[in-house]
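This report describes the fold, the salt bridges and a surface feature of the structure shown below.

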Amino acid sequence: MASRIPLVAGNWKMHKTPAEAGTFARNLLGNLPNNLAVNVVVCPPFPALPAVALKLADSWICWGAQNMHWDAEGAYTGEVSAPMLQALGCRFVILGHSERRVLFGETNEQIRKKVEAALSYGLKPIFCLGEELATRDAGEAEIFCLSQLADGLEGLPWANPEALVIAYEPIWAIGAGRTAQPADAVAVMERLREKIASWHGRDFAEKVRILYGGSVSPESIGSFMKEKQIDGVLLGGASLKLDSFSAIIRAAAEAKQGT
Ligand code: PGA
């Protein structure tokens with residue numbers, strides 16, 4: 001099996017002013033040794049990106065955005081584009097988060113266009129998918145997630161397995177204080193990886209990072225990271241506090257060492 005460097009991504013959602021985000025980024029950098037075997041990305045709200053970029057420039061921690069439009073420019077009030085994010089040094093962009101899908105009505109078709117645009121600008125999409133509780137209770141979680149994967153990614157020019165990251169985030173676990181069972185997350189992820197292998201081959205699929213997201217905490221991180229299929233986590237609430245974010249990053253790095 002290919003060894004995949006774990007990734008811990010922090011989605012700050014609509015939290016932190018530019019000053020708060022910049023201070024947090026500086027403190028995070030100061031709080032962690034720079035030789036951890038883990039990749040870290042912070043995704044602040046758009047206005048805080050320049051402040052974060054300034055503090056993290058030339059460091060080992062990356063930054064990214066939480067959304068973007070698929071066109072490079074145009075009459076789209078309130079939107080931002082891939083080249084704008086690229087100009088701010090973003091390496092990643094979260095796309096298809098369930099809050100975008102559910103609260104703002106983003107469709108699979110729109111998300112697919114965003115993923116394609118991000119790839120073409122060399123921004124790494126963190127492509128999110130996941131089921132509602134009713135879908136899981138009906139025993140249809142895997143089939144639902146597979147169809148979201150196909151709607152978002154099938155047939156796209158995705159040439160490098162490391163150019164895109166997938167985040168499996170069951171909607172019922174986000175911000176709920178309740179996580180999925182690691183074994184249930186692994187079952188979904190195995191199906192996702194098989195599907196990617198059917199499109200791009202087994203070697204390619206083995207190099208794609210698949211994260212878990214949904215109420216991960218310093219207490220639960222170990223149970224996820226000990227699973228071979230789980231390559232890291234997408235954090236919401238736990239990434240807003242220096243102590244919990246740092247603890248999770250350290251635990252993710254340690255868990256995968258020697259595996
Ligand atoms: P949470 O959010 O960790 O607060 O559940 C996860 C996410 O929305 O990505």
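**Exposure and a surface patch**

A residue is termed buried under 20% relative accessible area, exposed over 50%, and partly exposed in between (1.4 Å probe, protein chains only). The model is predicted: local features need pLDDT of at least 70 and side-chain atom pairs count only at pLDDT 80 or more, whereas totals for chains, interfaces and linings use all residues. Residues are numbered from 1 along each chain as its sequence is written, and side-chain values use heavy atoms, without hydrogens and water.

Leu-103 counts as exposed because its relative accessibility is 60%. This residue lies in helix 4 (residues 98-103); helices (H or I, at least four residues) and strands (E, at least two) are DSSP runs, numbered from the N terminus.

**Barrel**

Eight strands close into a barrel in the order 1-2-3-4-5-6-7-8, with parallel pairing; a pair requires at least two DSSP bridges. From one strand to the next, the twist averages 25°, angles being taken from 0 to 180 degrees between N-to-C directions of lines fitted to C-alpha atoms, for helices over the stretch in contact.

Strand 7 (residues 209-213) and strand 8 (residues 232-235) are joined by two bridges, and Gly-213 stands opposite Leu-234.

**Salt bridges**

The whole structure contains eleven salt bridges, each defined by a side-chain nitrogen of Lys or Arg within 4 Å of a carboxyl oxygen of Asp or Glu. Asp-231 and Arg-4 form one of them, with closest N and O atoms 2.7 Å apart. These partners are 227 residues apart in the chain. Asp-231 is buried at 3% relative accessibility, and Arg-4 is buried at 10%.

Arg-202 and Glu-206 meet at 3.1 Å, N to O, and both lie in helix 9 (residues 202-207). A network of salt bridges links Arg-4, Arg-193, Arg-202, Glu-206 and Asp-231.
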